[in-house]
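Me: I would like to go through this structure with you. Could we start with a term that I will need?

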Amino acid sequence: MTTVAIFASGSGSNAEQIIRRLAARPQVRCLVLSNRPDAYVLERAARLGVPARVFTREEFYQTGQVLAYLQAQAVDLVVLAGFLWLVPAPLVQAFPGRIVNIHPALLPRHGGKGMYGAKVHTAVLATGDRQSGITIHYVNEQYDEGQIIRQVACPVLPTDTPDTLAARVHELEYAHYPQVVEQLLAQLPG
Ligand code: GRF
């Protein structure tokens with residue numbers, strides 16, 4: 001059995017796409033973890049029959065309970081999908097090369113602390129970039145700085161608003177993130 005833990009703070013549409021893709025594999029199970037008790041991802045998880053757990057800041061950064069939970073569940077791969085907290089060093093070190101994130105822009109542009117959601121797309125439009133896209137990367141102790149696994153670009157149109165650009169980027173995310181997760185699972189040792 002291979003176990004994938006998906007961390008999400010909000011809507012969880014990427015989480016849902018990944019869960020649906022992996023549902024075709026009986027030897028893979030998903031778990032959802034969220035730092036927000038009101039995150040819509042929890043409703044998605046319930047609908048999809050995926051176990052979910054909400055955790056506090058203390059459990060994530062101080063007591064090590066989130067790390068202990070991942071280890072107790074024998075998690076093989078950690079997938080961040082719209083998860084807004086910085087992953088603490090002990091967790092990064094416990095899962096070397098096994099934590100991935102998706103960022104809705106072409107890193108290193110428009111990344112770093114506080115750059116998420118509509119803020120990213122607003123920044124892309126404000127700087128006049130002609131293209132944006134997605135970056136799927138390994139996670140290290142800094143926001144958005146781990147080694148890049150895959151980048152895919154899309155055009156930025158003169159008529160774009162943050163919402164229209166976000167929609168175009170989301171389509172790229174749904175097309176690529178589940179596929180990269182499958183690729184990483186295929187590469188896991190053992
Ligand atoms: C996505 O755009 C992702 O790139 C970013 O946060 C957003 C999450 O959207 N990290 P959703 O919760 O998956 O709908």
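Reply: A salt bridge is a side-chain nitrogen of Lys or Arg within 4 Å of a carboxyl oxygen of Asp or Glu. Please note that this is a predicted model, in which local features need pLDDT of at least 70 and side-chain atom pairs count only at pLDDT 80 or more, while totals for chains, interfaces and linings use all residues. Residues are numbered from 1 along each chain as its sequence is written, and side-chain values use heavy atoms, with hydrogens and water left out.

Me: How many salt bridges does the structure hold?

Reply: The structure holds 9 salt bridges. In one of them, the side chains of Asp-129 and Arg-109 meet at 2.8 Å, N to O.

Me: Where do Asp-129 and Arg-109 lie?

Reply: Asp-129 lies in the loop between α6 (118-126) and β6 (131-138), and Arg-109 in the loop between β5 (99-103) and α6, so the pair ties together parts that are 20 residues apart in sequence. Helices (H or I, at least four residues) and strands (E, at least two) are DSSP runs, numbered from the N terminus.

Me: Is Asp-129 buried or exposed?

Reply: Asp-129 is buried, with a relative accessible area of 13%, whereas Arg-109 is partly exposed at 42%. Buried means under 20% relative accessible area, exposed over 50%, and partly exposed in between (1.4 Å probe, protein chains only).

Me: Which residue forms a salt bridge with Glu-16?

Reply: Arg-44 does, and the closest N and O atoms of the pair are 2.7 Å apart. Glu-16 lies in helix α1 (residues 13-22) and Arg-44 in helix α2 (residues 40-48), so the two parts that they tie together are 28 residues apart in sequence. Glu-16, Arg-44, Arg-20 and Arg-47 are linked in a network of salt bridges.

Me: New topic: what surrounds the ligand?

Reply: The residues around the ligand include Ser-11, Gly-12, Ser-13, His-170 and Glu-173; a residue is near a molecule if one of its heavy atoms lies within 4 Å of it. A polar side-chain atom of Glu-173 lies 2.2 Å from an oxygen atom of the ligand, and for His-170 the distance to a ligand oxygen is 3.4 Å.

Me: And the core? How many residues has the largest nonpolar core?

Reply: The largest nonpolar core has 35 residues. Such a core is a set of buried Ala, Val, Leu, Ile, Met, Phe, Trp, Tyr and Cys residues joined through side-chain atoms within 4.5 Å. Helix α7 (residues 162-187) gives the most to this core, with 8 residues.

Definitions and conventions: A polar contact is a pair of N or O atoms within 3.5 Å; within protein, one must be able to donate a hydrogen and the other to accept it, and residues adjacent in sequence count only if both atoms are side-chain atoms.
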